[in-house]
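Please work through the exercises below with the sequence and the structure at hand, and try each task before reading its solution.

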There are 2 protein chains.
Amino acid sequence: MIGNVLVAQSGGPTSVINASLVGVVKKAKELGVRRVLGGLNGIEGILQEKLVDLSIEHPADLDAVQYRPGAVLGGCRYQIKDPDPDGPELQQVFSIFQKYQVRYFFYIGGNDSMDTAQKIHTGAQKLNIDLKVIGVPKTIDNDLFGTDHCPGFGSCAKYLITSVVEAGIHTASMYTAEPVTILVTVGRNAGWLAGACGLARREKNEAPHIVLFPEIPFEEKRFLEKVKSVYEQVGGVFIVTGEGLRNKEGTYITARYDGLSTDAFGHPLLGDVPITLKHLIEENLHLRTRWIKPDICQQAAVHMASRVDLEEARLCGEKAVQLAIQEGESGYMVTIERVGSGAGGVSYASRCGKVPLSAVANVDRYVPRNFIDTEGFFPSEEFLQYVKPLIQGEVPIRMKDGFPYYPNLQLKHVRYSE
Amino acid sequence: MIGNVLVAQSGGPTSVINASLVGVVKKAKELGVRRVLGGLNGIEGILQEKLVDLSIEHPADLDAVQYRPGAVLGGCRYQIKDPDPDGPELQQVFSIFQKYQVRYFFYIGGNDSMDTAQKIHTGAQKLNIDLKVIGVPKTIDNDLFGTDHCPGFGSCAKYLITSVVEAGIHTASMYTAEPVTILVTVGRNAGWLAGACGLARREKNEAPHIVLFPEIPFEEKRFLEKVKSVYEQVGGVFIVTGEGLRNKEGTYITARYDGLSTDAFGHPLLGDVPITLKHLIEENLHLRTRWIKPDICQQAAVHMASRVDLEEARLCGEKAVQLAIQEGESGYMVTIERVGSGAGGVSYASRCGKVPLSAVANVDRYVPRNFIDTEGFFPSEEFLQYVKPLIQGEVPIRMKDGFPYYPNLQLKHVRYSE
């Protein structure tokens with residue numbers, strides 16, 4: 001009797017977060033685990049005993065649900081704040097784990113979620129509870145420490161690159177009327193996704209012309225000069241930007257408009273970077289400026305997911321189970337190690353590794369300076385070579401009545417009496 | 001000697017505008033036209049004699065370029081304002097047409113462009129110039145008069161529906177943290193695209209839950225009650241809206257914020273509908289609200305174009321040539337007539353017809369009241385049956401290095417001396 005497995009998904013979903021889930025479930029069943037439980041809405045739902053039985057799902061349904069957007073089990077934005085294993089939240093977690101005979105806990109998420117996983121791991125150790133905790137990386141932001149890249153990033157990049165290629169060709173045919181376009185990617189502190197969009201430019205003068213990284217301090221004058229120079233040379237300008245641009249003093253550039261109005265949560269109503277940039281460009285250069293905000297479409301576009309990304313996501317789930325059940329490890333996050341660079345004639349290859357959760361929790365990984373060109377307005381060739389292997393290959397999508405059909409699991413709730 | 005053909009593209013491009021162009025070019029060559037000229041950037045470029053020779057393009061290249069975003073010849077936002085055929089602009093047009101022996105002019109565009117086509121047609125008639133002018137419909141807005149639907153609409157709808165399905169599943173897994181999402185479609189006066197997104201809802205409680213039509217006066221209180229009611233029932237709310245919502249007095253709802261700030265063109269900086277709706281919802285219902293603005297991605301997403309739409313777009317181009325060259329007609333726009341409804345077991349079928357340009361120019365076609373349900377917050381079943389056949393089938397896309405590759409034509413400039 002191995003003991004039960006509990007797996008949950010946390011944070012904002014990616015296009016491949018369900019592939020990691022399926023990796024965990026199938027590997028656990030393969031290793032003879034009788035019962036694989038799923039926690040709904042991450043640790044938030046687990047604390048409310050919202051559990052489903054994933055063991056009864058049909059293998060073919062599990063395979064199909066890998067290609068479903070969102071988190072099949074639901075995500076959450078909830079973190080365990082208790083630093084103390086004797087605190088009420090952790091106590092409740094351990095009590096629920098005991099009730100459902102959970103000996104292995106797998107948490108699929110980003111760095112906030114790894115903090116929660118780490119707290120559960122150390123809590124269990126201190127209290128001598130027989131529990132193995134492994135984190136499975138997930139984030140389109142690609143900002144997790146200790147891994148070459150994060151599952152979810154490649155698919156998001158592939159969708160955004162496709163969008164830049166298509167919108168770029170479109171806008172180039174309309175430069176005479178609408179010369180400037182801005183596309184804003186997710187990424188408040190790290191410019192991984194904005195930078196990846198540089199791949200869209202196959203030929204000189206193609207979009208994107210300017211990429212703005214949160215890592216590079218924003219200088220209004222230099223930016224406007226760059227826009228003007230591209231406009232004069234190309235006839236139009238396509239800009240990709242991350243969400244969080246700051247000036248040299250560290251103030252978000254949207255702050256300039258913060259005084260005007262705020263929403264019910266106190267967020268500036270004018271706080272969106274593309275609106276601020278549009279304002280700057282139209283005010284100073286008098287060039288009409290459009291903007292695109294794909295927002296969650298970039299996290300959810302399974303129809304343009306990367307096969308490489310999806311396969312790695314599933315492997316990360318499998319590796320987590322292997323670490324916990326076969327190797328008896330706990331307190332680690334699975335990582336992806338690049339063993340073939342994918343550049344300079346070397347074919348791309350990767351394998352899974354591990355890093356202590358304590359090293360990952362609440363740490364951000366930024367785009368290194370050598371991944372950005374000298375001028376600071378475009379990714380370097382090294383960055384592009386880094387991204388390229390991660391967006392390769394497509395995934396099978398079932399079209400029904402003209403648009404994608406994404407199947408779901410049964411998600412049968414577990415009652416304690418069972 | 002038939003005389004030369006001139007074809008140009010105008011207004012904002014659609015995913016299938018190049019299929020119409022290819023339809024014109026191939027049909028004209030088939031009918032023995034020696035020279036098919038292309039005008040760059042619509043009438044604006046024609047006035048500057050920016051012409052290319054499309055006769056020399058390879059047939060295989062023409063086939064491939066059907067699946068290219070943007071307008072291969074470039075679009076424009078320029079209209080001939082001259083109401084008088086003796087005016088300088090029309091005189092210049094006719095002088096250029098004479099210089100290049102243009103006897104057939106095909107203008108691919110929306111209702112503004114049909115106005116320009118109409119002016120050229122009546123001007124030629126009054127001046128006894130031997131010129132046949134036919135308009136080819138193009139607009140994602142689907143707001144052209146006299147046609148069942150417009151080439152470009154189906155592909156745009158297919159992409160938006162896909163986005164709503166994917167983002168809808170994504171948000172449903174995050175309702176506990178981020179309950180409300182708004183997606184804004186193109187459509188300032190007509191809600192064709194917003195309404196089409198209703199197709200995304202295959203099952204009760206799926207996205208979208210609310211569709212806001214520019215045709216229905218916006219009532220703040222009723223809207224907020226609806227959002228609250230969906231939230232209480234479903235746990236989250238997915239709203240699709242057109243760009244231009246007005247209250248009963250006809251004032252745009254964004255006007256509430258117009259006083260705060262304007263851009264360099266005098267447009268309100270807060271004028272975006274989703275920002276206004278977000279503000280309303282967060283202020284009154286305290287529900288965190290995200291929003292998505294696909295903007296030109298919806299016009300350019302050839303990777304999710306509709307095969308039915310693309311084929312009809314090409315047929316419209318072919319029909320235009322047939323009307324002008326074979327039937328000697330002038331002053332018409334090609335239309336699409338639905339001869340098989342595609343509903344209630346009747347399979348969908350369409351054929352091309354014609355309508356006088358004078359009836360189309362500058363006229364908007366709105367979503368009829370029976371296409372919207374009684375409550376006014378969702379398309380009716382009739383609307384959904386209308387849209388369904390138009391989004392069917394996929395188009396072949398060439399993937400290269402992990403993202404679409406869209407080939408172009410040579411676009412060899414014509415010099416007069418040739």
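Two exercises follow, each with a worked solution.

The model is predicted, so that local features need pLDDT of at least 70 and side-chain atom pairs count only at pLDDT 80 or more, while totals for chains, interfaces and linings use all residues. Residues are numbered from 1 along each chain as its sequence is written, and chains are lettered from A and ligands numbered from 1 in the order in which they are written.

**Exercise 1.** Describe how chain B touches chain A, and how the two copies are related.

Step 1. Counting residues as in contact if their C-beta atoms, placed from the backbone, lie within 7 Å, we find that 66 residues of chain B meet 66 residues of chain A.

Step 2. Among the elements that give two or more residues to this side of chain B are α6 (153–172) and α9 (273–285) of chain B, and α6(B) gives the most, with 11 residues. Here helices are DSSP runs (H or I, at least four residues) and strands are runs of E (at least two), numbered from the N terminus.

Step 3. The same surface serves both copies, since 100% of the contact residues of chain B recur in chain A.

**Exercise 2.** Find which strands stand at the edges of the seven-stranded open sheet of chain A.

Step 1. The order is β3-β2-β1-β4-β5-β10-β11 (chain A), with mixed pairing, where two strands pair if DSSP finds at least two bridges between them.

Step 2. β3 (51–53) and β11 (349–356) of chain A each have a single partner strand, so one side of each is left without a neighbour in the sheet.

Step 3. Eight bridges join β10 (residues 332–340) of chain A to β11(A), and these strands run antiparallel; A:G340, for its part, has A:A349 in β11(A) as its bridge partner.

Key
Least-squares fit on C-alpha atoms with pLDDT ≥ 70 in both.
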